[in-house]
Amino acid sequence: MAIASSVSLHHFSHFLISNSQQLKGFGHGCSARPRYYFSDNPNNGVRPIKATTQSAPYPLYQPAQVDDSSSELEPADPDFYKIGYVRSMRAYGIDFKEGPNGFGVYASKDVEPLRRPRVIMEIPLELMLTISHKIPWMFFPDIIPVGHPIFDIINSTDPETDWDLRLACLLLYAFDREDNFWQLYSDFLPGTDECTSLLLASEEELLELQDADLASTIREQQRRALEFWEKNWHNGVPLKIKRLAREHERFIWAVSIAQSRCINMQMRIGALVQDANMLIPYADMLNHSFQPNCFFHWRFKDRMLEVMINAGQRIRKGDEMTVDYMSQQMNNKFMQRYGFSSPVNPWDVIKFSGNARIHLDSFLSVFNISGLPEEYYHNTARLSKVGDTFVDGAVIAAARTLPTWSDGDVPLIPSVEKKAVKELLDECKRMLADFPTTFRQDQKLLDSIPEASRTLEAAIKYRLHRKLFIDKVMQALDIYQEKILF
């Protein structure tokens with residue numbers, strides 16, 4: 001397909017340069033680009049990085065709105081396109097743009113709903129870094145020469161748990177390999193001061209999470225990565241290994257990139273089918289959404305990863321193209337892997353300890369929520385005035401997390417239900433009171449430190465979003481109490 005059909009006009013002149021000219025001047029030492037995170041849970045199949053982390057609730061089950069900050073977005077550096085296009089990467093009907101929060105992928109034209117998915121990106125295997133899940137380790141492309149000591153380091157990892165350490169080693173080796181694509185692409189990866197990965201957080205920043213369990217998990221991950229570096233990057237190692245990560249911060253940064261940008265999927269190459277952890281350039285610029293409009297597909301006949309628009313999805317020019325990083329996961333899991341959270345995560349959970357329960361069907365009816373627990377959605381055909389903007393991911397999460405009872409336990413009078421609602425409200429208030437700060441104080445703190453580190457900002461937002469979620473559940477219980485349907 002001609003280049004003119006796949007990229008916007010302002011990139012055309014740059015593609016006329018010869019390959020040697022296009023690569024001239026690109027080096028590993030260039031400054032890193034703003035942060036962006038991409039990955040997938042290696043245990044959950046293909047999921048696509050940026051969840052909505054704004055404090056204001058986003059109506060999850062309404063048509064996506066164009067971001068008001070779109071005026072702050074700028075087209076990506078033409079070099080970002082060039083280094084991929086000379087190696088057969090292609091993009092159709094989209095633009096990569098940079099804003100205050102990093103890269104994103106946006107539609108450059110309207111796309112009407114189609115019965116079949118539509119391709120918007122093609123990334124060849126040769127641009128990726130991949131390693132098989134199981135022994136014997138297999139790499140595609142096979143960039144590690146026989147006898148190189150980095151293979152011994154990779155081979156020493158635990159096959160069951162150390163996928164991220166293996167991928168980090170492969171990434172660092174690719175950075176060091178002369179004329180490798182990832183030497184060029186590294187200029188567009190976030191630096192240590194631009195990542196929100198909690199692997200890079202200080203002890204003080206972990207305390208700001210106000211979540212002892214999550215902080216303990218991150219400390220253990222930091223210790224694990226540090227001990228692996230100390231074991232394999234001691235003073236006696238060959239220079240070809242030592243120079244990959246002279247300081248432990250360099251290796252931990254590589255692990256954070258591996259965790260936050262890894263895609264786990266099944267590849268077919270000829271007759272060989274294998275599960276692999278993969279770092280896929282360009283696709284890693286797609287941000288996260290709980291209602292994504294894109295997904296990934298492996299095209300085995302020519303070893304390509306396709307990014308495709310969902311069948312039946314309407315796309316407007318300027319809409320952000322998104323994928324779902326992890327399905328049915330709480331905010332603490334997103335923080336652990338990617339360093340972001342959302343106040344409208346439809347899968348977040350509140351752990352109630354009392355015996356109070358409400359009637360599920362009645363609660364769902366009040367908020368026009370339909371479907372089964374795994375597929376709840378807002379029934380927009382029956383929207384009331386109150387429901388137009390109130391129902392979002394937090395209310396859907398409330399329908400899943402609130403203690404409920406079945407029709408076999410019908411109370412005699414509605415007052416019993418109202419009493420249960422009051423008990424749940426009181427427990428939510430106690431939960432909020434147990435936090436050292438209120439969500440208003442958290443928001444004021446965020447506003448007062450605009451130059452805060454990315455990890456500190458992510459930690460404060462995490463606790464803020466947790467409190468906003470509890471507050472939204474309380475609002476939902478208040479409305480339900482007024483409109484109990486028996």
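Predicted model: local features only at pLDDT ≥ 70, side-chain atom pairs only at ≥ 80, totals over all residues.
Residues are numbered from 1 along each chain as its sequence is written, and side-chain values use heavy atoms, with hydrogens and water left out.

**Helix pairs**

Helices (H or I, at least four residues) and strands (E, at least two) are DSSP runs, numbered from the N terminus. Axes are lines fitted to C-alpha atoms, for helices over the stretch in contact, and angles run from 0 to 180 degrees between N-to-C directions. A crossing is left-handed if the near helix is turned anticlockwise from the far one by less than a right angle, and right-handed if clockwise.

| Helix pair | Angle | Axes |
|---|---|---|
| α7 (residues 212-232) and α9 | about 125° | 9 Å apart |
| α4 and α9 (residues 248-261) | roughly 110° | within 8 Å |
| α14 (residues 414-434) and α16 (residues 454-482) | about 160° | 10 Å apart |

The angle of about 160° makes α14 roughly antiparallel to α16. α14 passes α16 in a left-handed crossing. Residues of α14 that meet α16 include V421, L424 and L425, and among those on the α16 side are I470, V473 and L477.

α7 and α9 cross in a right-handed way. Here Q221, A225, L226, F228 and W229 of α7 meet H248, F251, I252 and Q259 of α9.

α4 and α9 are roughly perpendicular to each other, and α4 passes α9 in a right-handed crossing. The contact (heavy atoms within 4.5 Å) involves several residues of α4, including W163, L167 and F175, and several of α9, including F251, W253 and Q259.

**The four-stranded sheet**

An open sheet is formed by 4 strands in the order β7-β6-β9-β8, with antiparallel pairing. Two strands pair if DSSP finds at least two bridges between them. β7 (139-140) and β8 (262-269) stand at the edges with a single partner strand each, so one side of each has no neighbour in the sheet. Strands β6 (residues 129-132) and β9 (residues 272-279) run antiparallel and are joined by 4 bridges. In this pair, S132 stands opposite A276 of β9.

α4 lies across β6, β7, β8 and β9, and runs at about 140° to β6. α9 also packs on the sheet, where α9 touches β8 and β9 and makes about 65° with the direction of β8.

**Strand β5**

β5 (residues 118-124) is mostly covered, with 5 of its 7 residues buried (under 20% relative accessible area; exposed is over 50%, partly exposed in between, with a 1.4 Å probe and protein chains only). β5 runs antiparallel to β2 (residues 90-91), and 2 bridges join these strands. The bridge partner of R90 in β5 is E122. β5 is also joined by 6 bridges to β12 (residues 304-309), again antiparallel. P124 stands opposite M304 in β12.

**Residue N180**

N180 lies in the loop between α4 (163-176) and α5 (181-185). Is N180 buried or exposed? N180 is buried, because its relative accessible area is 12%. Its side chain reaches the backbone nitrogen of W182 at 2.8 Å. N180 touches I143 and A174, not counting residues up to four places away in sequence.

Definitions and conventions
Polar contact = N/O pair within 3.5 Å; in protein donor to acceptor, adjacent residues only side chain to side chain. Parallel < 35°, antiparallel > 145°, perpendicular 65-115°, else oblique.
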